[in-house]
Amino acid sequence: MAAIEILGLEKTFSVGSWRKRPKLALRPLTLSVEYGEIFGFLGPNGAGKTTTLKVLMGLVFPTSGTARILGMELDDPRMKAQIGFLPEHPYFYDYLTGRELLKYYGRLSGVDAKQLSQKTDAALERVGLRDAANLQLRKFSKGMLQRVGIAQAILHDPKLVFLDEPMSGLDPMGRREVRNLIEELKGEGKTVFFSTHILSDAEALCDRVGIIHLGELRRVGSVAELTSSVHSKVEIVWQGAVAPAAFKTFGAECHTAGDTMRAVIAEESQDTALEALRRERLRLISVTPVRMSLEDYFMTQLTHKSDPNARGEDRRDRRAASATPTQTQAYAGDRK
Amino acid sequence: MNTRILHIATNTFREAVRDRVLYNLIAFALLLTGAAVLIGQISIDIEKLVVINLGLTAVSLFGIVIAIFIGIGLVSKEIDKRTLYTVLSRPVRRWEFIAGKFFGLAGTLIVNAFLMAIGVFAALLYVSRHFAVSDSSLLSALYFIVLQFVIITALALFFSAFSSPLLSAVFTFSLFVIGTFSEDLRGFAGITHGISRVLATGAAYVVPNFSALNMINQVAHGGAISSQLVVYNTAYALVYSGAVLCAAVLIFERRNLK
């Protein structure tokens, strides 16, 4: 049994003031997240990340489909006592102090009264807000609000933590602290599901990621799996001021730096390219494999057009197979 | 009471207590009661009547303003500011949230009414030098004012569950005004015929009957309030508020929090 099981979750909103029209926020979404996993839910703004989280939290009702968290229904209070949630751009009762807020949430989560003070102080300490514990939230900075938001999500020692854009509003130091905290949560055996559009965070933290765009889950897998699924590239550097004519057929853009030139081409064209350099009697300096980052992969996924007639895995498989030369050339161009 | 409802009610009470607007309104109500003493002094032989009338009206009016002012934002403000997200993602059911908000504001209004009532009794003591046995009916009138607060809180909460604060304020205030004249509405229903009679009768029963809960004039003139009326009015306020709260819960249970 998975920690999160989502089966065909779909959400359509009605938009417009007078003439209501349907807007598809989430296409049928099927996903499972295992216990103890850090799962990154990636997508640009408006992709459907927050809608998915709102459906899972019971804040928005799905148009169709089902989901289970920790093996329980979404409206089961027993399940909600075992999860933590940080909403995007959190806003809290600003008339409360940090300590009062956490105690309030702790009581709502059913934390034992005897342990409440100790758990509150521990959560404040963990997010670096011990000194601001008695300060009213209206005096908190954006970063402090984000920290207190994380504290309320972990206060009651949940098994599963949902974090919507947890790094938002944090400075580089704060981001690193949150990254460490997420790793600590994993170390404690907790499952973490977090949405982000900061890909370096996902790349550094996640066991697996899911990429969502225009309400559709495009791909799911580990970062290594996803980035290796696209055609590999190599960077060739040689001495000289001209590129062999054959390089044009690869669609590679060649760049001059001093008395050397370099080009990034698809790995399968490597032998042909090296042969061309030999024929032209140009001196080869290096051939370096180019590792695709999650960001590169993410961009390639976002440039794919959605096919409304395709369904499920078939569609994903076709996409994976359709990393066409044209797209990889565009990618090569982007990197330059 | 369910502990989660109690915690939400306590937090609602705390929010109201820390709102400076509340203190301004209470201070203004007490000021008005003080003014009643001055006006009473220039009203020969009817000082007591003026103090009771003005004092209780101030308690009623400011309590209703507070009920509407705070009540209309109870749910919509939590949705707008997204504070609700971290509450409903916990083991809190939506009906518990509505109930907690209701009891929190009702509790706030009861405490306010108590504080303002102390002001009224102090003014009364200043004017008449001693309390008479008949003054105990003031307590019944104050109790009826609190029942009005309870109904208005439920109405404000109901409108807040699905509309903006501005519209909620307009709807709640309109119902308060219509409800104040509900006896006239019943009288109008009695003299009309056909569809007008049906509509007027229906409206008279749907709108809250605030006129039955307004005993200020009667107690100011030394009239007594029967215990039977206390029971009827209590039952009426509880049933009416309960029905309105159920409607609020039904709407809120289905609402998407975008």
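User: How many residues does the contact take from chain B, and how many from chain A?

Analyst: In this predicted model, chain B gives 20 residues to the contact and chain A gives 21 residues. Residues count here because their C-beta atoms lie within 7 Å. On the side of chain B that touches chain A, the elements giving two or more residues are α1 (3-17) and α5 (85-88) of chain B. The residues of that side comprise eight charged, six polar and six nonpolar.

User: What makes β12 and β14 of chain A stand at the edges?

Analyst: The open sheet has four strands in the order β12-β13-β11-β14 (chain A), with antiparallel pairing. Each of β12 (254-257) and β14 (283-290) of chain A has a single partner strand, so one side of each is left without a neighbour in the sheet. From one strand to the next, the twist averages 20°.

User: How do you know that β11 and β14 of chain A pair?

Analyst: Pairing requires at least two bridges between the strands. Seven bridges join β11 (residues 233-239) of chain A to β14(A), so the two strands pair. They run antiparallel, and A:Glu235 stands opposite A:Thr288 in β14(A).

User: What percentage of the residues of chain A count as buried, and what makes a residue buried?

Analyst: A residue is called buried because 20 or more other C-beta atoms lie within 10 Å of its own. Of the 336 residues of chain A, 40% count as buried.

User: Which domains is chain A divided into?

Analyst: The assignment gives domain 1 (4-226) and domain 2 (233-290). Taken over C-alpha atoms, the centres of these two domains of chain A are separated by 47 Å.

Notes. Residues are numbered from 1 along each chain as its sequence is written. Chains are lettered from A and ligands numbered from 1 in the order in which they are written. This is a predicted model: local features need pLDDT of at least 70, side-chain atom pairs count only at pLDDT 80 or more; totals for chains, interfaces and linings use all residues. A residue is buried if 20 or more other C-beta atoms lie within 10 Å of its own, exposed if 12 or fewer, and partly exposed in between; C-beta atoms are placed from the backbone. Domain bounds come from an automatic or database domain assignment. Two residues are in contact if their C-beta atoms, placed from the backbone, lie within 7 Å. Ala, Val, Leu, Ile, Met, Phe, Trp, Tyr, Cys and Pro count as nonpolar, Asp, Glu, Lys and Arg as charged, and the others, Gly among them, as polar. Axes are lines fitted to C-alpha atoms, for helices over the stretch in contact, and angles run from 0 to 180 degrees between N-to-C directions.
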